[in-house]
Amino acid sequence: MEMFADKRSKKVLLVAHCILNQNAKINACAHYPGAISEVAQILIDAGIGMLQMPCPELLCLGLDRQVAPGLQPTVEAEDTRVAQRMSEEQARSICHQIVDDLVYQLVEYRKNGFELVGVLGINGSPTCGVETTWANDQDIQGAGVFIQMLDEVCRKRGIALAMRGIKAYEAQRAVATVVNLLENTIRT
């Protein structure tokens with residue numbers, strides 16, 4: 001008898017923490033009271049298991065991202081400061097531990113015949129951006145520090161993952177990205 005032969009879909013998608021919990025965002029960046037509802041609903045309706053990745057910024061810098069008390073920085077300045085802090089050795093070390101924990105789970109899923117649908121990140125994020133990240137007060141091409149590490153370790157382990165990013169304030173584009181990801185999954 002096959003193990004895990006119950007109703008589960010055996011499909012798993014890694015999801016950036018703030019897609020399912022906007023409360024973890026830096027100040028002035030939450031666009032929903034909780035989850036990005038349109039995206040979460042598509043995944044629920046598709047029967048996709050959502051592996052919520054821990055928020056590296058929250059784990060490294062706290063919910064307030066260690067902004068000085070009383071300071072009201074612009075979102076751009078705060079993202080730049082967070083990007084710089086997340087490039088520091090201590091933050092990178094924490095990110096590596098998170099990646100190791102996630103990759104262990106991916107290996108377990110794959111070993112047991114599950115489909116790894118991919119990764120859904122947050123474009124523009126200094127850590128979880130996929131196609132774009134943040135540096136020097138602007139959204140730039142490239143992946144965030146955490147997604148870079150995750151991609152590198154997965155490649156070394158022979159784990160192929162489709163990676164896509166969304167922006168919470170672009171709901172229609174986010175929905176289209178998720179639908180495309182689900183229609184074009186990579187089997188590992």
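**Exercise 1. Is Ala83 buried or exposed, and which residues outside its sequence neighbourhood does Ala83 touch?**

Solution. 
Step 1. At 12% relative accessibility, Ala83 counts as buried, because buried means under 20% relative accessible area. The model is a predicted one.
Step 2. Ala83 belongs to helix H4.
Step 3. With neighbours within four places in sequence set aside, Ala83 is in contact with Pro126 and Trp134.

**Exercise 2. Where does Gln90 lie, and how far is Gln90 from Cys60 in sequence and in space?**

Solution. 
Step 1. Gln90 is part of helix H5, which covers residues 89-111.
Step 2. Its relative accessibility is 65%, so Gln90 counts as exposed; the cut-off for exposed is over 50%.
Step 3. Between Gln90 and Cys60 there are 30 residues of sequence separation and 8.1 Å from C-alpha to C-alpha.

**Exercise 3. At what angle do H5 and H6 cross, and which residues make the contact?**

Solution. 
Step 1. Two packed helices are described by the angle between their axes and the distance between the axes.
Step 2. The axes of H5 and helix H6 (residues 145-156) come within 9 Å, and the crossing is at roughly 45 degrees.
Step 3. This angle makes H5 oblique to H6. The crossing of H5 and H6 is right-handed.
Step 4. On the H5 side the contact is made by Arg92, Cys95, His96, Ile98, Val99, Leu102, Val103 and Leu106. On the H6 side it is made by Val145, Phe146, Met149, Leu150, Val153 and Cys154.
Step 5. Sorted by class, the residues of the contact of H5 with H6 are twelve nonpolar, one polar and one charged.

**Exercise 4. What is the angle between H2 and H7, and how do the residues of their contact divide by class?**

Solution. 
Step 1. Helix H2 (residues 37-45) packs with H7 at an angle of about 20 degrees, and their axes are 9 Å apart.
Step 2. Angles under 35 degrees count as roughly parallel, and H2 and H7 are therefore roughly parallel to each other.
Step 3. H2 and H7 have a right-handed crossing.
Step 4. H2 contributes Glu38, Val39, Ile42 and Leu43 to the contact, and H7 contributes Ala171, Ala174, Val175, Val178, Val179 and Leu182.
Step 5. The residues of the contact of H2 with H7 divide into nine nonpolar, no polar and one charged.

**Exercise 5. Which residues does Thr177 contact beyond four places in sequence?**

Solution. 
Step 1. Thr177 is located in helix H7, residues 171-183.
Step 2. A relative accessibility of 17% puts Thr177 among buried residues.
Step 3. Apart from neighbours within four places in sequence, Thr177 is in contact with Arg164, Gly165 and Ile166.

**Exercise 6. Where is Gln66 found, and what does Gln66 touch?**

Solution. 
Step 1. Gln66 sits in the loop between helix H3 (56-61) and helix H4 (75-86).
Step 2. With a relative accessible area of 41%, Gln66 is partly exposed.
Step 3. Not counting residues up to four places away in sequence, Gln66 touches Cys60, Leu61, Arg81 and Arg85.
Step 4. For Arg81, the separation from Gln66 is 15 residues along the chain and 9.9 Å between C-alpha atoms.

**Exercise 7. What is the phi of Phe4, and what is that of Lys10?**

Solution. 
Step 1. Phe4 is not a glycine, yet has a positive phi of about 65 degrees.
Step 2. Lys10, also a residue other than glycine, has a positive phi near 60 degrees.
Step 3. Phe4 is in the segment before strand E1 (11-15), and Lys10 is found in the segment before E1.
Step 4. Phe4 is partly exposed, with a relative accessible area of 29%, whereas Lys10 is buried at 14%.

Notes
Residues numbered from 1 in each chain as written. Predicted model: local features only at pLDDT ≥ 70, side-chain atom pairs only at ≥ 80, totals over all residues. Heavy atoms only, no water. Helix = DSSP H or I, 4+ residues; strand = E, 2+ residues; numbered from the N terminus. Buried < 20%, exposed > 50% of the residue type's maximum accessible area, 1.4 Å probe, protein only. Axes fitted to C-alpha atoms, helices over the stretch in contact; angles between N-to-C directions. Parallel < 35°, antiparallel > 145°, perpendicular 65-115°, else oblique. Left-handed = near helix turned anticlockwise from the far one by under 90°. Contact = heavy atoms within 4.5 Å. Nonpolar A, V, L, I, M, F, W, Y, C, P; charged D, E, K, R; others polar.
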